[in-house]
Amino acid sequence: MPLTGVYFIPTNPQSSTTLATLSERLRATFSQEDVIPIGRWALEHKLMRDTPGLLPQSTAQGQRPAKPRYLQLLSLSHYPTHGFIYTSEPTEKFSHRPSVSASATPGTSPTPNPASDASGRSAASPSQLAATTAETAMVMTTVPPAAYKTLFQHFTYACQPIWCHRLTLGVPNGIVYDVGDFRVRMGDVRQTFPAVRPRGTIVEIEWRGPSMVDSLAAMQSRGEKPGTGRPSEDVDSGVDLSFAGMEEADVDAEYAATASLIREFWERLGVSGAKEAILVPGLGKEVKETLGQVKSGKEGRDLLRSMEEVGNLTGFGSVSFDDDVNPTAGTDVARQYMEVLRFNR
């Protein structure tokens, strides 16, 4: 799984984007021999937001309004075997609460709880409210391309009272450069729904130098035993020493070190006003899960079996994950794209 960073430079509808400026500065900053155009790329991003409830909201004193929840769907041309779905986790856990206190005796009225509001629900303290408000936990999953399109139609029509389609954005014809140890994808972001207008320029900077994280992800995608280059048929015979001493802290350290390299690369271009997404929440989750499987000696048949089970559940009878040997590929960069493209709507 490549280590990347994503930058978004917004623009006004009446102004031109910074794509031409970025291309010129890329060639001016690095020698012509290092800047090699190698192809095109594209993305499509759909943003949905939950609709307000039909019942009147509680106006209990000190209770903040609920934060909006989002559902995002993303497809990337450099990950054609699956689409990405990113959604907000529930911020409240609902449970049945008895209306009468267990300590109340028959024939007496229950003593009101000063920490509860008029509806009988526990009133959260200011610190709990602040913690809940600060949380922006999101859940990532991937589905086959056919299921990705079907899911969006399902949410648009069947779930319209719950989810509202707010934005559709796309990069129809971006350009890809190889620049030394980096691969740079850049393109203009255009909004196609609810109105057609330019939104800005987006840049993905991918580190392609030596990386333990990338090697681990590549091993997973090939279904190989680490370090051998062979299919992991004898998965219980041992663990490659190159991964045996690797811990989750080492994964975090490599992400942080690579983020510094990407930021240094970006700063050399001298473009201001960009929104950055590098060390976003949830980054490296799938890599750490793979590391745990490798260290426990179960990276072969168990991993492929779990992929097959996930494909059977999410294929919706159209396309399974049989041809997608690594459904988690690209989840880190998808998180980064979705962070910068989730505008305040």
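**The sheet and its surroundings**

A: Buried residues make up 41% of the 345 residues in the chain, where buried means under 20% relative accessible area, exposed means over 50%, and partly exposed covers what lies in between, using a 1.4 Å probe and protein chains only. The model is predicted, so to read it with care: local features need pLDDT of at least 70, and side-chain atom pairs count only at pLDDT 80 or more, while totals for chains, interfaces and linings use all residues. Residues are numbered from 1 along each chain as its sequence is written, and side-chain values use heavy atoms, with hydrogens and water left out.

The chain holds nine helices and nine strands, which are DSSP runs numbered from the N terminus, with helices being H or I over at least four residues and strands being E over at least two. The nine strands form an open sheet, antiparallel in its pairing, in the order β5-β4-β3-β2-β6-β7-β8-β1-β9; two strands count as paired if DSSP finds at least two bridges between them. Because β5 (138–143) and β9 (275–277) stand at the edges with a single partner strand each, one side of each is left without a neighbour in the sheet. From one strand to the next the twist averages 20°, with axes taken as lines fitted to C-alpha atoms (for helices over the stretch in contact) and angles running from 0 to 180 degrees between N-to-C directions.

Within the sheet, strand β2 (residues 35–50) runs antiparallel to strand β3 (residues 70–76) and is joined to it by seven bridges. Among the partners in β3, S75 is bridged to E44 and L74 to H45. β2 also pairs with β6 in the antiparallel sense, over 14 bridges, and here I36 stands opposite D178 of β6. Strand β4 contains S88, which is buried with a relative accessible area of 10%. S88 and R69 are 19 residues apart in sequence but 5.4 Å apart in space, C-alpha to C-alpha. Leaving aside residues up to four places away in sequence, S88 touches R69, Y70, A137 and M138, contact meaning heavy atoms within 4.5 Å.

Helix α9 (residues 331–341) packs on it, touching β1 (3–10), β2, β3, β4 (83–88), β5, β6 (163–179), β8 (197–207) and β9, and the direction of α9 makes about 15° with that of β1. Since 11 of the 11 residues of α9 are buried, α9 is largely enclosed by the rest of the structure.

As for I202, its contacts beyond four places in sequence include V6, W41, V171, Y337 and L341.

Finally, the aromatic residues. F30, F182, W207 and F265 form one aromatic cluster; rings of Phe, Tyr and Trp (its six-membered ring) pair if their centres lie within 6.5 Å, and planes under 30 degrees apart count as stacked, over 60 as edge-to-face and the rest as tilted. By this rule the count comes to seven aromatic pairs. F182 and W207 make an edge-to-face pair, 5.2 Å centre to centre with 70° between the planes. F182 lies in strand β7 (residues 182–193) and W207 in strand β8, so this pair ties together parts that are 25 residues apart in sequence. F182 counts as buried at 12% relative accessibility, and W207 is buried too, at 13%. F182 and F265 form a tilted pair, 4.7 Å centre to centre with 40° between the planes, linking strand β7 to helix α6 (residues 248–269) across 83 residues.
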